[in-house]
Amino acid sequence: MNKAISKAIEFRYRIEKDVLAAMKKPHIQYWIFLFISVILFVTGMSLWYYQIKTGMGVSGKTHPVGWYMYITNFVFWVGIAHSGTLISAVLFLFRAGFRSSFNRSAEAMTVFAIMTAGLFPIIHLGRPWLFYWLLPYPNERLLWVNFKSPLIWDVFAVGTYFTVSLIFFYVGMIPDLAIARRYATGWKRRLYSFLSLGWQGTPDQWRHYNRLYMFLASFATPLVVSVHSVVSWDFAMSIIPGWHTTIFAPYFVAGAIFSGTAMVITLVVPMRKFFSLEKYITLDHFDSIAKILLLTSLIVSYSYIVEFSMAFYGGNIFEMEVFRYRAFGDFWIFFAIMIICNSIIPLFLFIRKLRRNIKFLFISSLFVNVGMWMERFVIIVTSLSRDFDPYAWGLPSFSTVAIGITLGSFGMFFMLFLIFVKVLPILSITELKEVHE
Amino acid sequence: MNRRNFMKFLGFITGSTFLSSCGIDKGLRKIISYAIPPEKEIIPGEPLFFNTTCTECPALCGIQVKAYEKIFDTERGIYPVKLEGIPDHPINYGTLCIRGQASITRLYNPHRIKDPLIKERDGVFRSISWDQAFQTIISEIEKHKAEKRYNFFISSRTTGSLSLLIDEFCHEFNIKRLPEFEIYNYSAIRKANSFLFGKYSIPHYNIKDADFLLTMGADIFETFISPVSHAVQFSIARKNNNLKWFHVEPHLSLTGICSDKRFTINPGTEIYLLIYILTSIQKRKISSNIPASVGQLIPSLPLDILKEKTGLKEEEILLIRDAYLNSKRPLIITGGVSTRSGSGFEVAVLSGLINWASGSIGSLVDFSREENYLRVGTIEEFVNFLKTIDENNTGLLFLLKTDPVSIFPQHLGVKEKLIRARFKVSLSDSFNETTKICDLILPLSHSLESWGDANPRRGLVNLIQPATKTIFNTKSHGDIIIEIMKRKGKVVSEDFKSFVMSNYQKRYGKDSLNMFIEKGFHEENPSPVRVSFNEENAQLFLRKLKYPEAMKTPLLILSPSLRFFDGRSFDLELLKEIPDPLSTISYGSWISLSEETAKKLNISERDELEITKDQWSIRVPAKIQKGIGKDIFIVQIGGPINYSGMTDPRSGEILSYIEGINIRKTGKNVSIPILSGSMSQEGRGIIPYPIHRTENNKKHKESLYPEHKHENYRWAMTIDLDLCIGCSACVAACYIENNVPIVGINEHLKGREMSWIRVEPFYDEKDGIRFLLMLCQQCDYAPCEPVCPVYATYHNPEGINAQVYNRCVGTRYCSNNCPYKVRRFNWYPHEWEFPRDRMLNPEVSVRQAGVMEKCTFCIQRIRRAHDIAKDEGRSIRDGEVMPACAQTCPTRAITFGNILDKNSSVYKLSKSDRSYRIFEQLGTEPSIYYLGKRRGDE
Amino acid sequence: MRRSLVLATISCYASIFSIIFLSIGYYNYYHDGPPIQPIAFSHRIHVAKVGLPCNFCHVYADKSKNAGIPHIQKCMDCHRAVAVEKPEIKKLTSYWEQRKPIEWIKIYKLPDHVYFSHKRHIKKGVECSQCHGEVQVMDRVRRVRTLKMGWCVRCHRVNDAPTDCLTCHK
Amino acid sequence: MKKEYLFEDKHEFVEKLKDLLKKGVPVDRMQIYLPFPVEEVEEILGRPVSKLNFITLLGAITGTITGFGFTAYTVLSRPLITGGKPLISIPAFVIIAFELTILFGSITSFLGFLSLSRLPDIRRILNPMEFDNRFAIVIDDGEDDGKRDED
């Protein structure tokens, strides 16, 4: 048999070993990270309990700033979720080869991000124990939900998004689980064989499998657009100056993918290092994902410009005041951070060297994460604190509880991700095999 | 964890469909039967009404108490929930002021004195029984009688039977009854009137008949004599004879802002202006009532001196003069700060002269309805009394409903002097500086718990009758005094009620008694009083008329407080909760100064300043405010700040000016709750000028969607900004009517006040200061409605933007989306501890934490009207439904009704060319129409 | 194999139990037995036997929101003469002699946020029994309706009474 | 008795498969196991297009209909006007319909996949057949293949 073939065969075995090696006994750093995130998560949860007991007042919201960090977090996490779907679904449809090295972790990220995001609308309710009133279930009151409310759209969009991403994530994993079950022993083996549903890889299975994967991908693609559009409409559908604008949907979707991509980099870089996956996640891959980062960053920056110019060209005094305030008002510092992180730092990615410089990518991805959080914060808070009636202008108040819960959400997300890397195959082995044939 | 929480918890974890918002709580509730039915039939669930009198300030308005029968775990009783004016009462015509509305919270104030208290040797108070209390008083009286000491009886203004009773009491035990001490005793006016017209009294000002009103310093809407009556009359005059009204003042007051034109005059120089007006009246060809003998003595002032002294511009002076000369029935009222200056007496006399000259005395200035201040003394009398107190010849000291220690200036040393009395008995409802130094405190019942009568002015007597049984172990002043006399074997009558009744019968006969109790007041046409002009005095006065010197700056002006009167209402939480309409500061005291002054002394807002003059000093945060003169500082009376000025022997008033103060920045930065986000309209045309609606406003908004119809009713409101005086009575009324919680200063600092209706002041360079009443606009296309995920808010068939409190899950989306920011969120659970829970209006639910709440046009009143209308098989009449705010508005600026009814007053007003709606360009189609404010020079 | 079966059964049981547990909780929450009243007043005797109409005692039913309960004087009007020797009536008389109000236990409780008017319903011709059940057969009155929103709304719909939220929510 | 062919190399396997079919071994008698999808196999075995397409379409359409129907039903069952909009305001409902289309579509698609490819397969869950990374063709001649299960 010739060299190429033997190489391919040899590759099959190597990748299985390498990838599944990640599931071996973790070393100390892992435990440290896990510990930290668990602590954060637990504190967040207990703070939430405290908030429910004492009242919403502790969350620093005021009149008129009725939405504050929680909604910021909601939008942020939903945004994070998006690039997962983008990389796994959209790039799949575009047959982008480099996708295979990111998609598993990206999809995992999506699922966990939505789980985190989904908590915040409940956390920010005045009476969270009644959250189920937002679900349209047949009830004794003969009363349904208001389908004209963007919040109900959220419920549907986010709900659908979670379900679909979960299916997508799982389906993508079935063949790999089948491989994992081969290597695992004891209860782990039982678990994997259960999860892999007795997958054998007969031609029929593969046939339907590919079909399903294609369908899910093509469902997820419009979904990803719709979800963040809906989220943006929470704001765009209102009449608050600074919110009530038509560019929000594309603007938010771009922003979402931007932040999500950044988060992917943030997660994959250390993962690659710890589990020494340099062979499978190469610089070229980073190069191309960095390009996505750059592109979306440009779109976002463009939206900033459009927003401001519309406000001032439109000559609507309410809009003008809000945007003047956004740039130079009490929150100018947040605004400045946002501009630097989202519009300026990514510009360096025009330089090929930096695109291929892992360290730089990692750092800048962190900056982008911060920047995008700031963006949502700035949009929400500044618009609310400076709306129509000058008498009612006001500021939110500082709140440790809100900050604690925010950190808690990060804790939750990383905790879930860390657990994921230990229990599930972190690269889609089968696809990589296929690619390397 | 009780069952309810448990179910919450279940709901939380399972989201089980079993749970319903409509769940019945398991608390074992009881219905308690009467043993014997009460003589006045009580229909459970239906309100009862009692007509009585408001005793919060000396104006003595007639009030109608709305009470409900309530059941609390084992007791069943009647409790007042709301105060409203008696519709046809000659003082307040069915309206009430902010203090009047809030006075019900005095009844339910948990900090009231609950039992008689006696001071132990170690200076702490111990509660005793009434019996012991009376015993001590008797024994003390005996003791001091034996030792031949003087006993004194001090009280604030009392009228009617109580006053008579006190006389008998004092006579019986040879107690010296002192003049009644009020800080607002208007003695300058009274002295001037006796000096010119031989009547030592305050006349009744018929503002409603005037066509031009010139007020100098008189804060006729805050504290001056009878604010509500003035407000009512003002609006009548506005409507009937298109009243024109100028106000001259050295500082900045609510009254000044409400006038058509406000002139800032140099402090204490009113006298120049008055003389100028007087001369110009004399000069006029048409005969002045002032005889030539007096007339020739009137000095004529050259304009330039006038300008330089008063600081008024020439055109301003001429404007005032012409307005005065060209009007048929001009009236000038001086008082407040203008009579509390060094030349207060002159000011009062000159205004008297002017009124006489223009023939207003007798018609507009009515002595036949003189205010009942006969027993009220001057500050001088008080000072003299203080001199007479000393250790060994002063025995008993009775203090009835008065707090001289905190109301009168420190430099008089009231506290030190009063302490010298051997035994001090205070009859008071709440703890204050004076009760601290007393030996025995007798807790007074609130006027809603006691019988009595009041005699506010000549020819009018009000009834005071209880609307509930006493909440704490208290007694009414009348009963206390009668009881004391009984114990000394002197039986005046078995109790104060019968005493009052017998008094009434003596005066007006038996037959009208029931009528009196029913109506709550009795008015008779008083015999006309002719006053004669005393020429000699007038000549004498003009001969040796002295011109005042300019006051030394920096100058501190102590201004009366709309909310706290002379400080007596300061212990009402609700009044602290409602912001002062000028500065929008709710809690705490502050000092106002102009921008340039601030720049000069580089003071920035919220800086704490220390104001010192000799020994006296205060520390207050600064508030920069437009419309204040240079180097002038203004503090409002109330709480820590009282009238600390010198006293003027000639006018017998306290001075509200403190000259040559020195200001020091303490460097501290006090956080005061300034509720307004911006004092400027930011060019948003919230109160547009010119006032007629612009074309853009007129045209109806286009919409893709079809119109939705309202069948029979569509509730709407008009607010006439020309009549709105920013008195905030509506705010207080709303708080009481709708169980709006009081959240306290910390929440206010975060901007989380709960008021459903608010007064927004807007300071604009060219248009001066204007008030806007902001409440839920009940939009037809309400932005708040579609965003609610659970239909907690929606558009009701009668055009009300409904809010179903127990459906709300608290997303706060509606509040975000409200352009008027009138929705309020319950950030924390609010306790309604005893006895406040008795005050809750049963027609309105008490909102939980985490729920959005807002104005619903007093839906409970609309519902009630529907109920009655259904019974009578008709539709609701125009003006039948009145929200609490509209009901209490003294100037009737608020009109409410069904706008679908073409004959309703609301419909007519909404079609007026002054009518506009706020942010009409947003297309929210509000149901509240504002009638724009006119400019002074129109 | 066996292990997974065990797991399955356990989860099954768990879910079944939780459902049972919930439904019991629900039942207890909304259907409670008749409470013990201070005096064992029997509607059966007064309505079925004596044949008093409801508004003989509950006089305000057609006048006000609340139907009201009789004051003891009213009871005594009859019971000075009638059935005086019965122990319960003795109780009543003792209440009367002490002029002590009777603390009846409320059976039909509505939450604070609900506005309900007896008057409106009576005037519309709604029978007392439609909500209060056949009291003439009850010795001890118990609640026969859930008093839950759906129940109200259905009836309102059938009789096309207003179903606007503000009709009942205050 | 059953035969079992294992291949490291894709091409060998494809060749073998071809000539087995040439030999006339019926397709339903042989079981094929692949470590990853191979297009050629599809062609060789010449299977029809997956039924999944149809199932998914069905699900999606159901979603759309439910979306509009449900929303319309709810607003009509309790007509409450909000923001002056008509009860049935299509633009708002489009979003619900869209989301439900995707939700129902993907769920039915997933379930369809499971049923079509006979998953979950208890027998294989309890003891799966493993051919590490090799392509396998197993031909059994009717007899029960209990052998592998014992080891």
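Modeller: Between chain A and chain D, nine residue pairs are in polar contact, both residues at pLDDT 80 or more. A polar contact is a pair of N or O atoms within 3.5 Å; within protein, one must be able to donate a hydrogen and the other to accept it, and residues adjacent in sequence count only if both atoms are side-chain atoms. Salt bridges across this interface number zero, by the rule of a side-chain nitrogen of Lys or Arg within 4 Å of a carboxyl oxygen of Asp or Glu.

On the side of chain A that touches chain D, the elements giving two or more residues are α1 (3-21), α5 (150-183), α6 (186-195), α7 (203-236) and α15 (429-436). Of these, α7(A) gives the most, with 18 residues. Helices are DSSP runs (H or I, at least four residues), numbered from the N terminus.

Chain A brings 59 residues to the contact and chain D brings 65 residues, where contact means heavy atoms within 4.5 Å. The buried area is about 5500 Å², and carbon and sulfur atoms give 68% of that area. Buried area is the accessible area (1.4 Å probe) that two parts lose on being put together, summed over both.

As for conventions, the model is predicted, so local features need pLDDT of at least 70 and side-chain atom pairs pLDDT 80 or more, while totals for chains, interfaces and linings use all residues. Residues are numbered from 1 along each chain as its sequence is written, chains are lettered from A and ligands numbered from 1 in the order in which they are written, and side-chain values use heavy atoms, with hydrogens and water left out.
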